[in-house]
Amino acid sequence: MLEDLTTAAPPASWPAAYPQGYAVVDVETTGLARDDRIISAAVYRLDARGEVEDHWYTMVNPERDPGPVWIHGLTSEVLEGAPLFGEVAEEFAARLDGRVLVAHNAVFDWSMIAREYARAGREAPVRRRLCTIALSKELGLPLPNHKLESLAAHFGVVQQRAHHALDDARVLAEAFRPSLWAAARGGVRLPLLECLPLKEWSDSAAAPRGGRQSGGPASGGYPSGSWRPSRKRPACPYPNPGRYTADKPLKQGMRVAFSGDTSVDRELLEDRAVEAGLHVATSLSRLTSLLVTNDPDSSTSKVVKARQFGTPVIDEAAFGQLLRDVEPASEG
């Protein structure tokens, strides 16, 4: 699809299956880890056809060091008087409620938002998300890379303050509208993924660095069902039976690798695989039995190697079905 999307008119008809509204979101954070915090957030609400309805922005006191100030520009002094996340959670939720969350690398923004709501003892009112990286791939946009600045340049959208949540959300909203129109004209299926809110949260044992303390679940450990820090899993006790074969069950000991965005949090999905007796591989080799990805046409290293090695590839939904009936390992 190489038409001039920057000047194309909206389609005359509209797919009935498309969502009725979108919340284009950007969050800036103290870092990329599970214990990092949101320090600013912005939402552009769009109607069913991608037209802007309104926008909202807030800074958030992260109750700790703000992290890479040289990137986002928000110092401890600037954030000191900002509200805690719990104090803006209701307004934020009102902006998200009933809409598809749209973000660039949506799994990151959704994960940060879900964790903040869990810390506050609440659930984010988001049930589906759409990643604009995935949408650009569905449309076949000739982008040199997956950076927001490249998507913006393709549509002639001018960035004014990169890594400022409000301007990044504006840029994304302006680039999303022609993308949505192009998808509607071409009858393209939108790459929507389910969002599963966290039910509980427990912070790590380390005390927050600076800022105010807020109420919420007690600290000290990650209970079952919450987000947990990376950890080394025990070795799989079963021998590798070889590659997965279509239309047959998985077998204990199979080496499974994951790539790309998933509806279920990656770590929880890996836990389910381990509990079923599978070996979760962090890289892909000729010994890998199966690659699970929702984007088999991507150019990630795992997908590229899977093509080279002839490794079977299935999506997350199919993998979830197979997990229900994993064949026991062979005796002896």
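Biologist: Is glutamate 91 buried, partly exposed or exposed?

Modeller: Buried means under 20% relative accessible area, exposed means over 50%, and partly exposed lies in between, with a 1.4 Å probe and protein chains only. Glutamate 91 has a relative accessible area of 34% and is therefore partly exposed. Please note that this is a predicted model, in which local features need pLDDT of at least 70 and side-chain atom pairs count only at pLDDT 80 or more, while totals for chains, interfaces and linings use all residues. Residues are numbered from 1 along each chain as its sequence is written, and side-chain values use heavy atoms, with hydrogens and water left out.

Biologist: With which residue does the side chain of glutamate 91 meet in a salt bridge?

Modeller: A salt bridge is a side-chain nitrogen of Lys or Arg within 4 Å of a carboxyl oxygen of Asp or Glu. Here the partner of glutamate 91 is arginine 95, at 3.0 Å from N to O. Arginine 95 is buried, because its relative accessibility is 13%.

Biologist: Where do arginine 95 and glutamate 91 lie?

Modeller: Helices are DSSP runs of H or I with at least four residues, strands are runs of E with at least two, and both are numbered from the N terminus. Both residues belong to helix α3 (residues 85–96); they are four residues apart, about one turn of the helix.

Biologist: How many salt bridges does the structure hold?

Modeller: There are 13 salt bridges in the structure. One of them joins glutamate 327 and lysine 251, at 3.9 Å from N to O. That pair links distant parts of the chain, 76 residues apart: glutamate 327 is in the segment after α10 (316–323), and lysine 251 is in the loop between β6 and β7. Glutamate 327 counts as partly exposed because its relative accessibility is 35%, whereas lysine 251, at 19%, is buried.

Biologist: Which residue forms a salt bridge with aspartate 54?

Modeller: The partner is arginine 45, and the closest N and O atoms are 2.6 Å apart. Arginine 45 has a relative accessible area of 18% and so is buried; aspartate 54, at 22%, counts as partly exposed.

Biologist: Which residues are linked in a network of salt bridges?

Modeller: Such a network links Arg37, Glu63, Glu116 and Arg119.
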